[in-house]
Amino acid sequence: MDRLGAVLVTLNRIYTRTGDKGTTALADGQRRSKGDLRVETYGTVDETNSCIGLARLHADEHLDRMLGAVQNDLFDLGADLATPEGPEKLPYEPLRIVPSQVERLERDIDALNATIPPIKSFVLPGGSPCAAALHLARTVCRRAERLAVRLSETEGEVISPEAVRYLNRLSDFLFVASRAANRNGEDDVLWVPGANR
C-alpha cells in the first residue's frame, strides 16, 4: 500500500506467455486482441507517456514537475481506458480521469502561457531538445485522442468523456510547454508559407 492506503501494482514476473497468441487482458479480466481499438488507444497513451519521459531529460525543474504529474495522470488514463464500463458492476471502484485533472492542466497552460508572447505563425516542431520531444509527445497525444474518439463512437464501447477532455487539453498543454522550453517562444521555429518554392 502507498501512503494514501491504495494498493500498488506488484509485478513479480514480467513475462507470462498469456499474450503469445495475440491477446491481452483488460483490467476487468476480459481478453481482447492486441489489435483491438481499446488496446490501441491505451497503448498510444503509453507512447505519449514515453515521449514525455524523453522530454523530461531536458526540462527545467519547474516544467519537469508539471510533466511528472502528467505522466502519473497518463497511467490513470491508461487504467481508465483498460477498464471498460459495462452493465455489471465491478468488485472494485475503477480508476477514472476526473475533472480536477483536466482543470490542473488548464491552470498549468495558463501559468506557462502568461509569459509567452503570441505566435505570428504556426510553430514547426523543433528548437531545443526538450521542445522537440514535447512536440513529438503532442502529436502522439493527438493520435491517442483520435483513437479515443473513434472508440467512443464504436457501438458497445463506452469511455469517460473526461478521458477525451484530458487528451484534448494535454495536447494543448504540450504545445504551450514546448514554447516554454524554447525560451518562452524565443527559439521557436516558425513556418514560412511557401518558403521553398
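This is a predicted model: local features need pLDDT of at least 70, side-chain atom pairs count only at pLDDT 80 or more; totals for chains, interfaces and linings use all residues.
Biologist: Why are α1 and α2 called roughly antiparallel?

Modeller: Helix α1 (residues 37-56) and helix α2 (residues 61-81) pack at an angle of about 165°, with axes 9 Å apart. This angle lies over the cut-off of 145 degrees, and α1 and α2 are therefore roughly antiparallel to each other. Their crossing is left-handed.

Biologist: Which residues of α1 and α2 make the contact?

Modeller: From α1, the contact includes R38, Y42, V45 and I52; from α2, D64, L67, L74 and F75 are among the residues involved. By class, the residues of this contact comprise nine nonpolar, seven polar and three charged.

Biologist: How many aromatic pairs does a search of the whole structure find, and what makes the pair of F122 and W191 tilted?

Modeller: The search finds one aromatic pair. The ring centres of F122 and W191 are 5.7 Å apart, and their planes stand at 45°.

Biologist: Why is the pair said to tie together parts of the sequence?

Modeller: F122 belongs to the loop between α3 (99-113) and β3 (123-124), whereas W191 is in the segment after β4 (189-190), so the pair joins parts that are 69 residues apart in sequence.

Biologist: Does F122 count as buried or exposed, and what of W191?

Modeller: Exposed requires over 50% relative accessible area; F122, at 60%, therefore counts as exposed. W191, at 39%, lies between the cut-offs of 20% and 50%, so W191 counts as partly exposed.

Technical notes
Residues are numbered from 1 along each chain as its sequence is written. Side-chain values use heavy atoms; hydrogens and water are left out. Rings of Phe, Tyr and Trp (its six-membered ring) pair if their centres lie within 6.5 Å; planes under 30 degrees apart count as stacked, over 60 as edge-to-face and the rest as tilted. Helices (H or I, at least four residues) and strands (E, at least two) are DSSP runs, numbered from the N terminus. Buried means under 20% relative accessible area, exposed over 50%, partly exposed in between (1.4 Å probe, protein chains only). Axes are lines fitted to C-alpha atoms, for helices over the stretch in contact, and angles run from 0 to 180 degrees between N-to-C directions. Angles under 35 degrees count as roughly parallel, over 145 as roughly antiparallel, 65 to 115 as roughly perpendicular and the rest as oblique. A crossing is left-handed if the near helix is turned anticlockwise from the far one by less than a right angle, and right-handed if clockwise. Contact means heavy atoms within 4.5 Å. Ala, Val, Leu, Ile, Met, Phe, Trp, Tyr, Cys and Pro count as nonpolar, Asp, Glu, Lys and Arg as charged, and the others, Gly among them, as polar.
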